[in-house]
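Please examine the sequence and the model shown below.

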Amino acid sequence: MSNERKNLTTSWGSPVGDNQNSMTAGARGPVLIQDVHLLEKLAHFNRERIPERVVHAKGAGAHGYFQVTNDVSQYTKADFLSEVGKRTPMFIRFSTVAGELGSADTVRDPRGFAVKFYTDEGNYDLVGNNTPVFFIRDAIKFPDFIHTQKRDPKTHLKNPTAVWDFWSLSPESLHQVTILMSDRGIPATLRHMNGYGSHTFKWVNAEGEAVWVKYHFKTEQGVKNLDVKLAEKLAGENPDYHTEDLFNAIEKGHLPKWKLYVQIMPIEDANTYRFDPFDVTKVWSQKDYPLIEVGEMVLDRNPENYFAEVEQATFSPGTLVPGIEPSPDKMLQGRLFAYHDAHRYRVGTNHQMLPINRAKNEVNNYQRDGAMRLDANGGGSVYYEPNSFSGPVETQENKQAAFAVSGVADSVAYDHHDHYTQAGDLYRLLSEEERTRLVENIVNAMKPVEREEIKLRQIGHFYKADPEYGTRIAEGLGLEVPKEKALS
């Protein structure tokens with residue numbers, strides 16, 4: 001590195017003569033408005049922050065690569081998965097969901113697991129969590145759900161009553177609530193947790209044949225979680241514990257790795273499977289659809305600048321490449337719009353042009369203008385389509401695969417209303433020690449709830465998942481649940 005010092009300049013490149021003292025009218029006079037360097041510094045300082053993400057505000061990121069280890073070309077024509085050994089650069093952002101930008105890393109919360117693959121056919125974003133399911137299954141409920149996780153508009157405090165009121169009135173949340181309140185609710189580090197696409201997606205191969213797919217990233221560091229008391233201690237003493245751990249691990253050469261697996265479901269099975277395969281509150285049994293290895297993800301480089309690479313990184317499940325398409329999952333369908341729209345608001349119309357978000361292949365389209373356009377804005381080339389001037393044209397082979405739909409346009413709920421089987425199965429899979437901690441975590445979280453009717457309603461859901469589950473929570477809260485109420 002050169003030791004030669006560079007000249008300090010203004011944002012327009014003019015050398016700065018004095019960066020220590022404002023210009024004033026005399027030694028004790030008022031500051032002069034003609035001190036344009038002062039005005040520029042203060043004005044820019046006022047605008048240094050962009051709006052934080054409404055959810056997933058607190059996060060950490062790293063660069064790495066994804067390498068294919070198993071041939072899956074029979075299922076998808078996605079170029080970055082086309083051959084064993086193919087390596088694709090990627091960037092990942094881990095995050096908590098509910099907390100603000102300065103919140104603690106070690107709180108009980110799902111973790112975002114968002115991966116951007118810089119493929120030869122454009123960027124592909126896989127925007128998931130460290131859980132295979134979610135609290136709700138229709139995007140129309142998402143703003144209300146997140147309101148319960150944020151601060152009460154009157155007290156500006158977190159509101160457990162709102163949290164459990166919403167969950168008790170949304171029984172589809174029970175599976176995710178069980179995971180969240182279990183040991184898995186507080187990962188030991190970002191390196192010691194799995195990641196999931198959560199939603200069902202569609203893979204299409206070169207012949208146009210389609211399958212349904214779910215993604216599973218399995219940590220090669222092993223799954224480890226934090227004890228509640230230690231997590232609380234760290235939240236107070238080192239609220240950036242996970243961010244620090246990830247950075248230091250990569251810096252020291254302890255490179256985090258995950259194996260990517262998928263579950264593959266034949267298209268026709270969606271009509272007969274015992275759970276709706278597009279319901280994000282449900283999982284597919286691995287006995288029915290075993291895990292198939294795809295490749296390995298390795299994180300090997302820390303960001304040089306947090307704001308430029310982590311804060312300004314934008315991810316959307318609508319950032320797709322040929323061979324990977326959406327499914328009818330209602331929650332996914334809402335996210336296809338909402339995420340791109342959030343980034344246009346938060347970062348800007350041209351957020352895809354920032355280095356961290358920019359595709360590595362050439363981008364050709366007729367989109368022009370907008371704030372902070374970073375390139376030649378198309379120059380003098382043709383700016384509409386169709387045209388007679390050799391402008392970029394569509395490639396018919398990259399159309400999304402056809403998908404038959406039928407029915408009446410209406411606000412329709414999912415057909416399946418079994419919110420209890422999978423949550424109960426999960427409870428019964430836990431060891432006695434794990435069940436005890438799960439119950440303790442739920443009891444402690446529900447104690448501040450102000451209305452007994454909310455507690456009883458939620459206990460009824462736990463009971464329907466497993467009678468022991470509900471009974472132990474009722475006992476912990478000092479409540480007795482009438483069996484007819486719990487089973488109604």
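Is Arg428 buried, partly exposed or exposed? Arg428 is partly exposed, with a relative accessible area of 40%, where buried means under 20% relative accessible area, exposed over 50% and partly exposed in between (1.4 Å probe, protein chains only). The model is a predicted one, in which local features need pLDDT of at least 70 and side-chain atom pairs count only at pLDDT 80 or more, while totals for chains, interfaces and linings use all residues. Residues are numbered from 1 along each chain as its sequence is written, and side-chain values use heavy atoms, with hydrogens and water left out.

Arg428 forms a salt bridge with Asp425, the closest N and O atoms being 2.9 Å apart; the term denotes a side-chain nitrogen of Lys or Arg within 4 Å of a carboxyl oxygen of Asp or Glu. Asp425 and Arg428 are three residues apart in helix H9 and are therefore separated by about one helical turn. Helices (H or I, at least four residues) and strands (E, at least two) are DSSP runs, numbered from the N terminus. Asp425 is partly exposed, at 37% relative accessibility.

The structure holds 27 salt bridges. One of them joins Asp165 to Arg457, with the closest N and O atoms 2.9 Å apart. Because Asp165 lies in helix H3 (residues 160-168) and Arg457 in helix H11 (residues 452-465), this pair ties together parts that are 292 residues apart in sequence. Asp165 counts as partly exposed at 27% relative accessibility, and Arg457 counts as partly exposed at 24%. Another salt bridge is formed by Arg451 and Glu453, at 3.8 Å between the closest N and O atoms.

A search of the whole structure finds 25 aromatic pairs, where rings of Phe, Tyr and Trp (its six-membered ring) pair if their centres lie within 6.5 Å, and planes under 30 degrees apart count as stacked, over 60 as edge-to-face and the rest as tilted. Phe66 and Phe80 form an edge-to-face pair, at 6.3 Å centre to centre and with 65 degrees between the planes. Phe66 lies in strand S1 (residues 59-68) and Phe80 in the loop between S1 and strand S2 (87-96), so the pair ties together parts that are 14 residues apart in sequence. Phe66 is buried at a relative accessible area of 0%, and Phe80 is buried at 3%. Phe66 also pairs with Phe117: the ring centres are 5.6 Å apart and the planes lie at 85 degrees, so this pair is edge-to-face. Since Phe117 belongs to strand S3 (residues 111-119) and Phe66 to strand S1, the pair ties together parts that are 51 residues apart in sequence. Phe117 is buried, with a relative accessible area of 1%. Elsewhere, ring pairs link a cluster whose members include Phe134, Trp164, Tyr427 and Tyr469.

Charged side chains also meet aromatic faces. Arg87 lies over the face of Tyr65, at 3.7 Å from the ring centre, and Lys116 lies over the face of Phe315, at 5.0 Å from the ring centre. Such a placement requires NZ of Lys or CZ of Arg within 6 Å of the ring centre and within 35 degrees of the ring normal.
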